[in-house]
Amino acid sequence: MTSIPLFHVLILSSLLFAIGFVGVVARKNTLFILMSLEVMLNAIGVAFIGAGSVWQQADGQVMFILILTLAAVEAAVGLALLIRMQKKYRSLDIDLLSQMKG
Amino acid sequence: MNVLLASLPFYPLVSFLLLIVFGKKLSWQLAATISVSSMAIAALVSAMLLVDLSVSQHQVMTVNLWHWFDLTNEAGNAEVNVRFYLDGLSAVMISVVTGVGFLIHLFAAIYMKSDANFSRFMAYMNLFIVAMLILVLADNLVLLYLGWEGVGLCSFLLIGFWYHEKANVLAARKAFIVTRIGDTSMAIGLLLLFTTFGELNIEAVTTLAQQANELTGLENTALADDIYWIALLLLGGAVGKSAQLPLQTWLPDAMAGPTPVSALIHAATMVTAGVYLIARMHGIFLLSPEVMNYVAWLGALTLILAGIAALAQTDIKRVLAYSTMSQIGYMMLALGAGAWSAGVFHLMTHAFFKALLFLTAGAVIYALHHQQNLFKMGGLLKKLPFESGLFIIGLICLMALPGTSGFFSKEAIIAQLWSSETAGPMLWWGAILGALLTSIYSCRLFFLGFLGNARFNENIHPEKSHLLRAALVVLALLSLFGGLINIDLSLVFNAPVTSANEVEPSWLHTVAIITPFIGIIFSWFYFKNYRITHSVSAKYLLQANESKFIVFCRQGLGFDSLYNLLFIKPYQWLAQINKNDIFDQIIMVNVWYVNLWHDALIVVQNGALRWYLAAFGLAIMLLIGVSFL
Amino acid sequence: MLANLASIDSLFYLSGLVAVIASLKVVTGNNTVHALLYLVVSLLAVAVCFYLMGAPFAAGLEVIVYAGAILVLFVFAVLMFGLGKDETTHAPQNKGLANMFGAMTLAFALLIEMVIIINNGDMQQSLQADVIDSKAVGIMLYGPYLLAVEIASFLLLAGLLAGYHYAKPDISEGQL
């Protein structure tokens, strides 16, 4: 990769990560939190691909593939949990899940 | 290594361990066999030791078991060993402890047969014997103190043996606390002794003190002051353990324990530990004539006051308890007068006849379904002839009628009082008054309990066990003829203190001998109501004994109320106003501080996942931020 | 102007911008389905970025697995929840294309980019020079990273079981 500086790639990655993080923290709807998590994982993928492309190594893409699997599993389990939550509480408000209160 | 001497305390110890470990799993037969046979072996071993000691050329036998620890200060370096020391004095004591102890164990095994906690009882009794043997055999004062506290513990455990009843527990607590006052005084005395002489071995201390005396003379030196305080503090310990004025209040209440306990601990052995201590430390006491004078006066006062209190009691065991105090007063008087051998001799004979009296009283109480009130007895001479005969033997020894063991020992004491430097004619008259009181209360006790008409309704069922009766008969024989045992303690107490600086009047012995008879004749007429059979009811007799003065005497001459007013009330008041302990409050500042943080941090632990995540993000932000710095 | 615009750099920045905007819309959206669509757009934009960075294999995977499979999973879940009633009631009910406008605009921008890249021969060549192809990735995956692949397969199996377990309808009530 010649023309795109790594610095800019990482800026893009950080931006996406920050947006996802804000989503995770700020949203009350658990579904949106899961989506924001996907955005965050994706941002990390950008950073890996960018780095792999700068050093001309395949490792970055390998990492991306692993992140992809992780994201898939996370989505599956998270959505299954969401289904149970919807059944039990009739709501997706994550603040309902606060029984661990100290 | 003298195996016999070294092993003596271990027989009862093994028995104690067996009984306490297996407890209720043991049948009565097994538990009784273990405990009584261990005592029999111990008694046999002490008899053999006695023979060994009298045959051997040496005056003492010692055996070193192991090195315990070292004590060091600028005055010296004291090696504290677990080391047994047997001389004439401790030989007398071990014979009394194991011999009388064995007979009382035998009695107790039958007397306590139906108790659910029989093995616990016998275990405590055995433990008591262990501690007592350590006390009397100790070669140094630290080991002696171990035994001293051990017997105190056993006394506490056994007074409160029937702990389901509140009165027993209170009595146990009282005994423990009151004797603890004396023990504290003794501990301070031991520390002072160590800082003064740098030595805790009894022999060595005695030698050092006498050397100092011979080298410099003790007039008005700092050492004389030290010795004065040491002797006074040790006397404090002896006073607590032996129930002398002013720490005597625990002994009458201690009668709440089972009767064999009263006989063994609170009459025959433990309460004489104070006498033993003073006799053992006579080397120190001899250097402080003032303290010996105090000892004599304390003994005489206790002798008379306890005699008066005994005259007013209604409970047969409490009469005997006050009588015990009074007799120990005799021993103290003897020690104070420098009549060491006589005091120890009286200790031994008293152990015989007081154990006999207590055990017989126990048998009577048992036959009368645990009735202890004298005014509800009466006329037992015909119904319980065997017990009555034994009781009469005990009482004539107590009154010191000529020929009995009590006569020999008491006369030996009284004979030395008049001309003693530290006693004198006043105390001699005190002793005579005490003897008079003794014979009066003994007669009152006998008339109330055994003569007159029967004032009880229940059927009597005496325990007819042969073993029990055998134990009583042996004790009766010892009481009668124990005076013939000639104990020679001149080797132990080699410094006679009496000096015939006053001419003894010739009538002294005559007065001393006839005093008990005067008491008997006086009582014969004065207590006529109690003696003769007529229609007087128990209620009438009780009412006649309810005047204020008599009640005052019955309650131990007001010492309990006095102490209540002087010490317990102010202490309770202090406790009341300092209920929220001020030191607690200081500690509570920490609690408050922790609670503050708890309250602050509980806000963070709100269970909201998004807050956790935000905090996580914040923390990572801060960490990365720090790396920029 | 177009040639200037159509350099690899500018295309990268443009698709990055699209990804950022789409992600913002995902995070701030009210309607679940709309948010999902924006997420698709975001993923596609990132896929373009991957392509421009010389990772066509990753870009393909991003489209196929992420946008294709995972997002479909999301859509199914949303359908099961009945469109997330609590959120959609506040949203405008029926605005037709107006609701879709943002997503469509962004997707359109991406489409333009793709067309430009594919049509521009120079760009193709310069991209070809730096490409790390799927062969290299495959060699790495089944070489040094074999253990990681195994672990990932276990992870997938665990996810499968967990998903089955939690989503099972006859699970006893009161357990989550």
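Predicted model: local features only at pLDDT ≥ 70, side-chain atom pairs only at ≥ 80, totals over all residues.
Colleague: Thanks! What makes the reach of α2(B) close to the expected one?

Modeller: The helix covers residues 10-22 of chain B, 13 residues in total. The expected span is 1.5 Å times one less than the number of residues.

Colleague: Why are some residues of α2(B) called buried?

Modeller: A residue is called buried because 20 or more other C-beta atoms lie within 10 Å of its own. In α2(B), Tyr11(B), Pro12(B), Leu13(B), Ser15(B), Phe16(B) and Leu19(B) are buried, so each of them meets that cut-off. The buried residues of this helix pack against α3 (28-55) and α5 (118-137) of chain B.

Colleague: What makes chains C and A count as touching?

Modeller: Two residues are in contact if their C-beta atoms lie within 7 Å. By that test, 57 residues of chain C are in contact with 53 residues of chain A. Helix α4(C) gives the most to this side of chain C, with 12 residues. By class, the side has 43 nonpolar, 10 polar and 4 charged residues.

Colleague: And how many residues of chain B are in contact with chain A?

Modeller: Here 10 residues of chain B are in contact with 11 residues of chain A. The largest share of that side of chain B, 5 residues, comes from helix α28 (residues 609-628). The side divides into 5 nonpolar, 4 polar and 1 charged.

Key
Residues numbered from 1 in each chain as written. Chains lettered and ligands numbered in written order. Helix = DSSP H or I, 4+ residues; strand = E, 2+ residues; numbered from the N terminus. Nonpolar A, V, L, I, M, F, W, Y, C, P; charged D, E, K, R; others polar. Buried ≥ 20, exposed ≤ 12 C-beta atoms within 10 Å, placed from the backbone.
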